[in-house]
Amino acid sequence: MAGQIGVTLLNFVRLLRRAGLPVGPAHALAAVEAAAAVGPDRREDLYWALHATLVRKREETAIFDQAFHLFWRNPRLLEKMMGLLLPNLQLEGGGTPPPDLAARLAEAFSHQPPRETETTPDEREEISASLSASTQEDLRPRDFETMTLAELDAAKAAMTRLRLSFPPTRSRRMRRDPRGGRFDGRATLRAAARSGGDLLLPKFTRRRWQPTPIVVLCDISGSMERYARVLLHFVHGLSQDHDRVSAFVFGTRLTNITRALQHRDVDEAVTAAAHSVVDWSGGTRIGAALERFNKDWARRVLGRGAIVLLITDGLERDDPGLLAAEAARLRRSCRWLIWLNPLLRYEGFAPRAQGVRALLPNTDEMRPVHSLDSLAALADALTRPIPTRR
Amino acid sequence: MTSPTPLPSSVDDALAFLTDQSYVADRALATVLFLALRLGRPLLLEGEAGVGKTEIAKVLAAGLGRRLIRLQCYDGLDLGSAFYEWNYPKQLLAIRQAEALGDAPTLYSEAFLIRRPLLEALSPQPGGAPVLLIDELDRADEPFEAFLLELLSDFQATIPELGTLRAPEPPLVIVTSNRTREIHDALKRRCLYHWVDYPSAEREIAILRAKAGGIAEALAAQIVGFVQRLRGLDLFKSPGVAETLDWAQALVQLDAIALTPEVIDQTLGVLLKYQDDIARLRGSEAMRLLTDLQAELSQKPLGR
């Protein structure tokens, strides 16, 4: 059972995940076990075995049903044709599916890595190894750009678990604190009343702390293509973890993807975000995008001491003067502007490009974001208190 | 309780009511205002700064002869300053006094209560229920919004020591927001919503006539035409109606009878509040707008 069928099952699970079902490795393992238990003879048995292990909600049945019939009609044939023939594939039974379901599935299929029918044992080993947790350590210093798709998957998973603990911001609200600095008359009197007015012990309050608002501006232009999807996973993790995260992506125009990222499921969220963007992998106009942000959004999302993470390689095709001016304005309207630059992976990175030179003096710090290691370093750096600007 | 001035009974009535108060409104605004008054629902007004959101509450209060109670929101606004507070020094004195006399003090009664705007708004007022203006709600933080939910849906609120207070007659509530952040859906659900936009040229000229009396028609048309053109540019902060009025005032003070590039240069700071915008407009750009405007005005005068 562990052989070819196992790999095929894994592919099926990944297809489901890409279609937005929250199926994890545990589900996959259970599915493999269940499939082994019912045996490969009857398709119907397999269907219900997989259904029992992979579906957790009533709404998910429809997607599962479609995926199953598409995928298991002839798995080997399908593997051959994956990504090529899909737009032409008809559903079994001729029924027209609800359009969005089909679109999601079609997309999930087209994202499948093109794989040969005969996977060599070595390759299979590599795939399964990279999916297991134990090898994640090896991935850490690796550049996202050089990873295989399977490794990227593992990296994405690790990234979702990465915790960034931004230092909280002092609120203007107060909370009770016996050692606080401000006298709380209301609490004092209430306590006194409880004891009949005999005992007057002063109560105190101090300022509350609240989560720091975070704003992410992520470049998704052509030069950032390889990083953008992975980094979106990172941003998703961030917005699941923190209350106040606003996320924007930009290439030639600026798109707010905050709502899209609120899906619990990573893949669903990233897909939804990608759907709302019209300019994936197009040109870059960083200055113009920042200008739009400054005009339309800065006053709405940068209140209360927000930290801005600007993720870009700084390769500007437009006027660097505009970029410098807009970056300076952005910096003035937030508490701390961090530029995350994947190009820092090169040892001899020098700020030679015009855009980089325009951006650099107008940010508070620049950090690398090309590998899990650099993200971990970022996580460390962001637990320290935010410095004050001079 | 009947109020001396009856509420508008139709949309036309509401429009006439606003015009009487020299508030030049469009029909959309009159409609939502009428609905808010008729249904007894709070009215949430959003829009750019300076388009006259706060003014509506003032006009409403003045026109209906009600009391205007204004709660200006700010970051860190808490119940103590929005709703009620106990008078602690007075309570402490009462305790001392009770000790001396050997009484049991009554610490929680009306006598020790300090009323803040929201509590005032729930209390009966002479002349009928007051107009409660909750100004710039987006500046208060989310926890405060949550408190407003009960107040805005049932017009009641609770003081733990005294119990739940209910307004005998619901106040007329206007909530404004500049959208520096989104108001929570739960709160929006309880309100009627209206986006207050910049006025059209005709309406803005009417506003100028109503508010800056005695301004020459030709100058008014030029001022409004210029400001409207500014709003068409991609500025960091477009001038609102308030800025138009300020500018008209400034030009009258300077004895200007027509717009000239020099006068515009001198007074640009009244209209635009960001250095980038001013730098962009100063000189040739303002000149270009003005020439454009003059060409158009000679063809077809505005506001006729």
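How many salt bridges does the rule count over all chains? I began my notebook with this, keeping in mind that the model is predicted, and the count comes to 27 salt bridges over all chains.

**Entry 1: the interface**

Three residues of chain B, namely B:Asp75, B:Tyr88 and B:Phe236, supply 25% of the area that chain B buries against chain A, which is more than any other three residues supply. I noted that the size of an interface is often given as the accessible area lost when the parts come together. For chain B and chain A, the area buried between them is about 2400 Å², and 43% of it lies on carbon and sulfur atoms.

**Entry 2: contacts across the interface**

I then turned to polar contacts, and the count between chain B and chain A is eight residue pairs, with both residues at pLDDT 80 or more.

**Entry 3: salt bridges between the chains**

Side chains of opposite charge can pair when their charged atoms come close. Across the interface of chain B and chain A, the rule finds five salt bridges. One of them joins A:Arg329 to B:Asp276, with the closest N and O atoms 3.4 Å apart. I also looked at A:Arg244 and B:Glu142, whose closest N and O atoms are 3.1 Å apart in a salt bridge. This pair runs from the loop between α11 (225-241) and β5 (245-250) of chain A, where A:Arg244 sits, to helix α7 of chain B, which holds B:Glu142. I checked accessibility as well: A:Arg244 is partly exposed at 22%, and B:Glu142 is also partly exposed, at 35%.

**Entry 4: salt bridges within a chain, and a network**

A:Lys295 counts as buried, because its relative accessibility of 14% is under 20%.

Which residues are linked with A:Glu291 in a network of salt bridges? I listed A:Arg292, A:Lys295, A:Asp296 and B:Asp234.

Last, in chain B, the side chains of B:Arg139 and B:Glu136 meet in a salt bridge at 2.5 Å, N to O, and B:Arg139 is partly exposed at 39% relative accessible area.

Technical notes
Residues numbered from 1 in each chain as written. Chains lettered and ligands numbered in written order. Predicted model: local features only at pLDDT ≥ 70, side-chain atom pairs only at ≥ 80, totals over all residues. Heavy atoms only, no water. Buried area = accessible area lost by both parts, 1.4 Å probe. Salt bridge = Lys/Arg side-chain N within 4 Å of Asp/Glu carboxyl O. Polar contact = N/O pair within 3.5 Å; in protein donor to acceptor, adjacent residues only side chain to side chain. Helix = DSSP H or I, 4+ residues; strand = E, 2+ residues; numbered from the N terminus. Buried < 20%, exposed > 50% of the residue type's maximum accessible area, 1.4 Å probe, protein only.
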